[in-house]
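Hi there,

Here is the structure I promised to pass on to you.

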Amino acid sequence: MGGKGLEGRVAIVTGGSRGIGRAVAQSLAEDGASVVVSGRDAARLAAAAKELEGLGVPVLGVVADVARREDAERLVAETKERFARVDVLVNNAGITRDALLVRMKDEDWDLVLGVNLRGAFLMTRAVAKVMMRQKSGRIINIASVAGAMGNAGQANYSAAKAGLIGLTKTAARELAHWGILVNAVAPGLIDTEMAAAIPEEARKALLAQVALGRIGSGREVAEVVRFLAGDGATYVTGQVLHVNGGLYM
Ligand code: NDP
């Protein structure tokens, strides 16, 4: 079981229905947090919420597309209604629409920026108002190694993730006054459906650059998020923690 360091705290994890987000929601729940998970697919979300309830904490699943302002605001409003506070926001929802730059369609640029960057902005703005009143909070943005290194075929995704790092640092500066700490976690190659979609050749080429020589798990990202959400991270803000097995140093 471990300690219950997050007992009484309320965490929102966007895209908490599978992959890294699901592992994050699980870690926070194991530490005793009440968790709110969001996603677009209702059935998948319900299954994840049910599993999380098995950990003995209150769980709320909210079907919401983070790229839509009404959805993002409703997600925060429903969390407040049910739990009366928000202590942790994990901006994890993300998508890819890969193509080489010269072939990239406008709509694929807009879609990826809309979810991965605008979505995080909309959620941060909505949650910040609640956290400012509380005079405390943690916001953790799931960026990517691609935001720091770039990645061929991911101009939209890399730009969104680099933008997310800029958003992280600005939010950290603006919100520090209210005791709100904002950090990013930048995963490398992690074993989820998103990574499974990478073409075999590209995957192999990436893996060859990973010092630890293996793909990471959602759990290994979640452990770092758990740290940033917890009482051991009170003097950490505006940082990017890389969780990539040494792919980028
Ligand atoms: P998955 O594709 O496995 O899961 C994505 C999650 O986000 C799902 O729960 C999905 O649910 C949800 N989601 C997608 N779009 C939206 C949306 N518009 N609104 C709300 N929820 C949404 O991805 P990963 O777990 O691999 O990735 C999670 C995060 O980690 C992303 O931000 C990704 O960029 C980042 N990352 C992943 C890496 C990897 O190697 N896997 C590496 C570096 C970063 P639904 O489809 O039902 O909406």
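This is a predicted model: local features need pLDDT of at least 70, side-chain atom pairs count only at pLDDT 80 or more; totals for chains, interfaces and linings use all residues.

Residues are numbered from 1 along each chain as its sequence is written, and side-chain values use heavy atoms, with hydrogens and water left out.

**The sheet.** Seven strands form an open sheet in the order β3-β2-β1-β4-β5-β6-β7, and their pairing is parallel. At the edges are β3 (59-63) and β7 (240-243), each of which pairs on one side only. On average, neighbouring strands are turned by 15 degrees against each other, direction ignored. Strands here are DSSP runs of E with at least two residues, helices are runs of H or I with at least four, and both are numbered from the N terminus. Two strands pair if DSSP finds at least two bridges between them. Five bridges join β1 (residues 10-14) to β2 (residues 34-39), and V10 has S34 as its bridge partner in β2.

**Helices on the sheet.** α1 (residues 19-30) lies across β1, β2, β4 (88-91) and β6 (180-187), at about 170 degrees to β1. α2 (residues 42-53) lies across β2 and β3, at about 170 degrees to β3. Axes are lines fitted to C-alpha atoms, for helices over the stretch in contact (heavy atoms within 4.5 Å), and angles run from 0 to 180 degrees between N-to-C directions.

**M131.** This residue sits in α4 (residues 106-134). M131 is buried, with a relative accessible area of 0%; buried means under 20%, with a 1.4 Å probe and protein chains only. Leaving aside neighbours within four places in sequence, its contacts include V86, V88, L89, I139 and I180.

**The ligand.** The ligand is surrounded by 30 residues, each with a heavy atom within 4 Å of it. The closest are S17, R40, N92, Y157 and T192. A polar side-chain atom of T192 is 2.5 Å from a ligand oxygen atom, and a backbone N or O atom of N92 is 2.7 Å from an oxygen atom of the ligand. Taken alone, the ligand exposes 890 Å², of which the protein buries 96%; these areas come from the Shrake-Rupley method with a 1.4 Å probe. Of the elements, α7 (193-196) gives the most to the shell, with three residues.

Best wishes

Methods
Buried means under 20% relative accessible area, exposed over 50%, partly exposed in between (1.4 Å probe, protein chains only). A polar contact is a pair of N or O atoms within 3.5 Å; within protein, one must be able to donate a hydrogen and the other to accept it, and residues adjacent in sequence count only if both atoms are side-chain atoms.
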